[in-house]
Amino acid sequence: VSYQELHENKQKLDRRYREANLLSGVIRRITQNQSTESLTTQTLSEIHDTLGFDRVIYMSHDPEKATLKIAELVGFEEKTRTLLAKYQLDLNTATLSDLHLGNVFKNRTSLLVPMTTDYYDSLSPEGKKMIDVAGSRSFLACTVASERKAYGLLLVDYCQSPKIVSKDDL
């Protein structure tokens with residue numbers, strides 16, 4: 001076994017340890033019956049700080065309007081926060097694309113986009129607008145759901161650091 005392999009394995013174990021601590025904190029807050037807003041804010045901040053993503057977004061589901069809207073943003077500049085705060089995703093928009101965040105939510109799946117430039121031309125105009133405003137280079141989206149209900153989408157991205165999201169981030 002080379003030093004390189006040992007170093008990579010140590011980094012993976014360190015990340016898993018940080019993930020376990022993060023999950024433990026979330027479970028602790030849930031069992032303490034914290035408000036949903038407080039739970040969301042703290043969890044997104046911990047994801048940002050602990051796992052090292054540049055930014056984190058939570059989009060909440062509004063079943064009455066059949067939309068996903070930005071509920072919380074962590075790591076964004078004020079100008080970008082203001083622009084994204086108005087963003088809503090209509091879940092009634094029909095598309096077959098696996099790259100559409102509405103489909104990710106409806107199908108309770110995740111979406112891994114290592115480099116947005118590789119997928120940009122395949123995005124809907126709405127998706128292109130969000131990428132342009134956010135400036136994401138690499139992102140991951142996953143549905144936040146229980147067995148009975150989908151609550152929203154969690155998105156993490158890299159915009160400044162040279163890192164890219166990978167399957168390890170799922």
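Predicted model: local features only at pLDDT ≥ 70, side-chain atom pairs only at ≥ 80, totals over all residues.

Me: What is the volume of the largest pocket, and which residues lie closest to its centre?
Reply: The space in the largest pocket is about 1100 Å³. Its lining has 35 residues, and Val26, Thr43, Ile47, Val144 and Leu154 are the closest to the centre. Two or more lining residues come from each of α1 (3–31), α2 (36–51), β1, β5 and β6. The largest share, eight residues, belongs to α1.

Me: What makes up the lining of the second largest pocket, by class?
Reply: Three nonpolar, three polar and eight charged residues. The volume of this second largest pocket is about 380 Å³. Of its 14 lining residues, Gln11, Arg15, Arg18, Asp168 and Asp169 lie nearest the centre. Asp and Arg count as charged. Here too α1 gives the largest share of the lining, with six residues.

Me: Why is the other space called a cavity and not a pocket?
Reply: The criterion is escape: in a cavity a 1.4 Å probe fits but cannot get out, whereas a pocket is an open set. The structure holds one cavity of 30 Å³ or more. The largest cavity has a volume of about 260 Å³.

Me: What lines the largest cavity?
Reply: It has 21 lining residues, with Leu101, Met130, Ile131, Phe139 and Leu155 nearest the centre. At least two come from each of β1, α6 and β6. The most, five residues, come from α6. By class the lining of this cavity has 13 nonpolar, five polar and three charged residues.

Me: Why is Met130 called buried?
Reply: The cut-off is under 20% relative accessible area. Met130 has 8%, so Met130 is buried. This residue lies in helix α6.

Me: What does Met130 touch, leaving aside its neighbours within four places in sequence?
Reply: Ile57, Met59, Ile70, Leu84, Tyr87 and Leu101. Contact here requires heavy atoms within 4.5 Å. Take Tyr87: it is 43 residues from Met130 along the chain, and their C-alpha atoms are separated by 8.0 Å.

Me: Why is strand β1 said to be largely enclosed?
Reply: Count the residues. Strand β1 covers residues 55–62, and seven of the eight are buried, so the rest of the structure largely encloses this strand.

Me: How do you know that β1 pairs with β6 and with β2?
Reply: Pairing needs at least two bridges. β1 has six bridges to strand β6 (residues 150–158), so these two strands pair. β1 has seven bridges to strand β2 (residues 67–74), so these two pair as well. β1 runs antiparallel to β6, and antiparallel to β2. For examples, Ile57 has Leu155 as its bridge partner in β6, and Tyr58 has Glu72 in β2.

Me: Why is Ala66 called buried, but Arg108 partly exposed?
Reply: Buried means under 20%, exposed means over 50%, and partly exposed lies in between. Ala66 has a relative accessible area of 17%, so Ala66 is buried. Arg108 has 37%, so Arg108 is partly exposed. Arg108 sits in the loop between α4 and β4. Arg108 also has a positive phi of about 55° without being a glycine.

How values were computed. Residues numbered from 1 in each chain as written. Heavy atoms only, no water. Buried < 20%, exposed > 50% of the residue type's maximum accessible area, 1.4 Å probe, protein only. Helix = DSSP H or I, 4+ residues; strand = E, 2+ residues; numbered from the N terminus. 1 Å grid on protein atoms, 1.4 Å probe; cavity = no way out; pocket = protein on both sides within 12 Å on 5 of 7 lines; lining within 4 Å. Points joined across faces, edges and corners; volume = space filled by probe spheres on them.
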